[in-house]
Amino acid sequence: MSATAPAVPPAEAGGTPAGASPRQGAPARGDDPRRRATRRRRTVAAAFLLPALLLLGALVAYPILFSVGRSLFDASGTRFVGADNYVEMFRDPTTLKAVRNTAIWVVVAPALLTGLGLILAVLTEKVRWATAFKLLMFMPMAISFLAAGIIFRITYEQDPDRGVLNAVAVGVHDVFADRPAYPGARAREDAGPNPLTKGEDGSYGTAADLAPGSTASLGIVGVPPKEVPSDAKPAAGPEGSPGAGDGALAGTVYLDFTPGGGGEPGRIDSGERGLPGMTVQAVRDGKTVGEATTAADGSFRITGLEGGSYALRLPASNFAEPYGGISWLGPALVTPAIIGAYLWIWTGFSMVLIGAGLAAMPRDVLEAARMDGANEWQIFRRITVPLLAPVLTVVFVTLVINVMKVFDLVYIIAPGPVLQDANVLAMQMWLVSFGGGNNQGLGSAIGVLLLLLVVPAMVFNIRRFRRSQS
């Protein structure tokens, strides 16, 4: 009798047969290789980001939070004052002037830089040495703001012997206007037979008692020997003294100073030199009726005079100070002058960025416009500018952010007496906190205001970058 084999229960569908152990080597759910790879990538990314995050927190986040908190306390930092610093900030006329100047910077500088960069980028494409030109324009970016400020401080000097701009201005002015003959000189008053008296307008004149045919000696002092013209000759009376019927007044204008001392004031002594180039006028009833210029020996002759009494006058233009140029660093022009220095530094930056956008522009559009008969101005206005609008916007907003933080150029270029006239928010924050104000609560409030003004431009720029990448 044969033995019957025990029945084996059928295996469940898709399961492990009864009595069988699970598959050897099957990974558990938590040990999925893809999950392990993801965790490993995240760990590596966190390890690389951690130093940057620590630096960002230490150098950006913490100072911002500390400044916000500090702005709520008084100057000593011990008493909580709430929003008092912010109220004081908008009541302080110095801070309001800094806000006004910052607004001028924001409106003027980025617009000029973007326009100049666009024009130069377009023109650069049409010159042979474009690379060299771009290099020269971009070179100021390699100079620190400290060095650039020193350069322009000297450039804007009032003294034409030091300031380049005023040297040019004085040179151009002197081409079209005569220089004063003897700036700072003066007449020797109440001396000699023809005493001179000073008028309200700075001129010097004699009494109205000279008739045609008379002669006069007019002594001048206050002329340094080195400023006497090299062609000046020893003083002498006019050749051939005029007669009463000649209708002329004659005389000599001389330096009433005898080298080595001695001599008599108001009279021509031996060794005294004439003053050439001096204007002498004949005046009658308050009106100028004749004029002459002194010769090398100081002599002059005014002819064509009718009978009567005349006075001789040395106009104030003989003694006026010479044209000294433009007061670039005065209260009225100091902010535009500093903006000019800023333009010199950043024009190359604007030109290079816009030039990169111009190089990426599709040329077939420009050629199609030229074939349709458009001129260069129409192409520039209707095609180039619209296609470059995204690049121009990025450049403009970047420069807006930059000018809000301008500090070193203002601090270096503006002289002390006009520093408040050139003040900006970043400068005011430093002055209030460390430059003598010693009120870090108010300075922190100004810093928070500056941050709030910069943040919208930064957010706008970041969104533009994200849209361009997508």
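How many salt bridges does a search of the whole structure find? The search of this predicted model returns 9 salt bridges.

| Salt bridge | N to O distance |
|---|---|
| Aspartate 32 – arginine 34 | 3.7 Å |
| Aspartate 74 – arginine 79 | 3.7 Å |
| Glutamate 376 – lysine 126 | 3.8 Å |

**Accessibility of the partners**

In the pair of aspartate 32 and arginine 34, the arginine has a relative accessible area of 67% and is therefore classed as exposed. Aspartate 74, the partner of arginine 79, has a relative accessible area of 14% and is buried, because the buried class lies under 20%.

**A link between distant parts of the chain**

Glutamate 376 and lysine 126 meet through their side chains. The pair connects parts of the chain 250 residues apart: glutamate 376 belongs to helix H9 (residues 376-387), whereas lysine 126 lies in the loop between helix H3 (93-124) and helix H4 (130-138). Glutamate 376 is partly exposed, at 42% relative accessible area, while lysine 126, at 55%, counts as exposed. Salt bridges with shared partners bring Lys126, Glu367, Arg370 and Glu376 together in one network.

Arginine 40 counts as exposed because its relative accessibility is 55%, and the exposed class begins over 50%.

Terms used: Residues numbered from 1 in each chain as written. Predicted model: local features only at pLDDT ≥ 70, side-chain atom pairs only at ≥ 80, totals over all residues. Heavy atoms only, no water. Buried < 20%, exposed > 50% of the residue type's maximum accessible area, 1.4 Å probe, protein only. Salt bridge = Lys/Arg side-chain N within 4 Å of Asp/Glu carboxyl O. Helix = DSSP H or I, 4+ residues; strand = E, 2+ residues; numbered from the N terminus.
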